[in-house]
Amino acid sequence: MADKPIVYTHHAEHAMAERDIAQAWVEATVKAPDWVLPDETTIGAERRYRSIADRGNRILRVACLESDDHIRIITAFFDRKARRAT
């Protein structure tokens with residue numbers, strides 16, 4: 001995962017504030033995810049997952065779209081159903 005500028009959509013900013021999700025957690029998830037899956041709803045987007053110790057190791061899911069010059073955050077939430085594929 002490249003070190004590119006991160007841009008937040010209005011929806012992502014609103015969702016993070018409403019769900020009490022720290023920007024640092026989102027950026028850590030985007031830059032160093034525990035695992036990555038393609039997003040099934042947005043062509044070219046990815047779902048990046050990371051366990052967040054400050055939240056009892058709940059799994060944060062960040063949907064993002066990476067271009068050549070930046071990473072756009074679409075949304076972020078704690079995913080109760082997230083399980084790493086084996």
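Where does Thr 9 lie, between which strand and which helix? Thr 9 sits in the loop between β1 (6–8) and α1 (10–19), where helices (H or I, at least four residues) and strands (E, at least two) are DSSP runs numbered from the N terminus. The structure is a predicted model, in which local features need pLDDT of at least 70 and side-chain atom pairs count only at pLDDT 80 or more, while totals for chains, interfaces and linings use all residues. Residues are numbered from 1 along each chain as its sequence is written, and side-chain values use heavy atoms, with hydrogens and water left out.

The chain comprises 2 helices and 5 strands, and from the N terminus on its elements follow the order β-α-α-β-β-β-β. For 86 residues, a compact globule would have a radius of gyration near 12 Å, and the chain, at 12 Å, agrees with this; the radius is taken over C-alpha atoms, and the globule rule is 2.2 Å times the number of residues to the power 0.38. The C-alpha trace spans about 35 × 30 × 25 Å along its principal axes. Of the 86 residues, 38% are buried, a word that stands for under 20% relative accessible area, with exposed meaning over 50% and partly exposed in between (1.4 Å probe, protein chains only). Among contacts (heavy atoms within 4.5 Å) with a separation of 6 or more, 43% join residues 24 or more positions apart.

Returning to Thr 9, and not counting residues up to four places away in sequence, one finds that it touches Arg 72, Ile 73 and Ile 74. A polar atom of the Thr 9 side chain lies 3.2 Å from the backbone oxygen of Ile 74; a polar contact is a pair of N or O atoms within 3.5 Å, of which, within protein, one must be able to donate a hydrogen and the other to accept it, and residues adjacent in sequence count only if both atoms are side-chain atoms.

In soluble globular proteins, nonpolar side chains tend to be buried together. Here the largest nonpolar core has 16 residues, and those with the most contacts inside it are Ile 21, Val 26, Leu 60 and Ile 73. At least two residues of this core come from each of β1, α1, α2 (23–31), β4 (58–66) and β5 (71–78), and β5 gives the most, with 4 residues. Such a core is a set of buried Ala, Val, Leu, Ile, Met, Phe, Trp, Tyr and Cys residues joined through side-chain atoms within 4.5 Å. Leaving aside neighbours within four places in sequence, Val 26 is in contact with Tyr 8, Met 16, Ile 21, Leu 60, Val 62, Ile 73 and Ala 76.

Val 26 also belongs to the buried residues of α2, together with Trp 25, Thr 29 and Val 30. These cover an arc of only 130 degrees around the axis, which puts them on the same side of α2, the arc being that of the directions from the helix axis to the C-beta atoms. Their cover includes β1, α1, β3 (46–52), β4 and β5.

Arg 48, in strand β3, is buried, with a relative accessible area of 1%. A polar atom of the Arg 48 side chain lies 2.8 Å from the backbone oxygen of Val 30, and a polar contact of 2.7 Å joins the side chains of Arg 48 and Glu 46. Asp 39, in the loop between β2 (35–38) and β3, is likewise buried, with a relative accessible area of 12%, and a polar atom of the Asp 39 side chain lies 3.0 Å from the backbone nitrogen of Thr 42.
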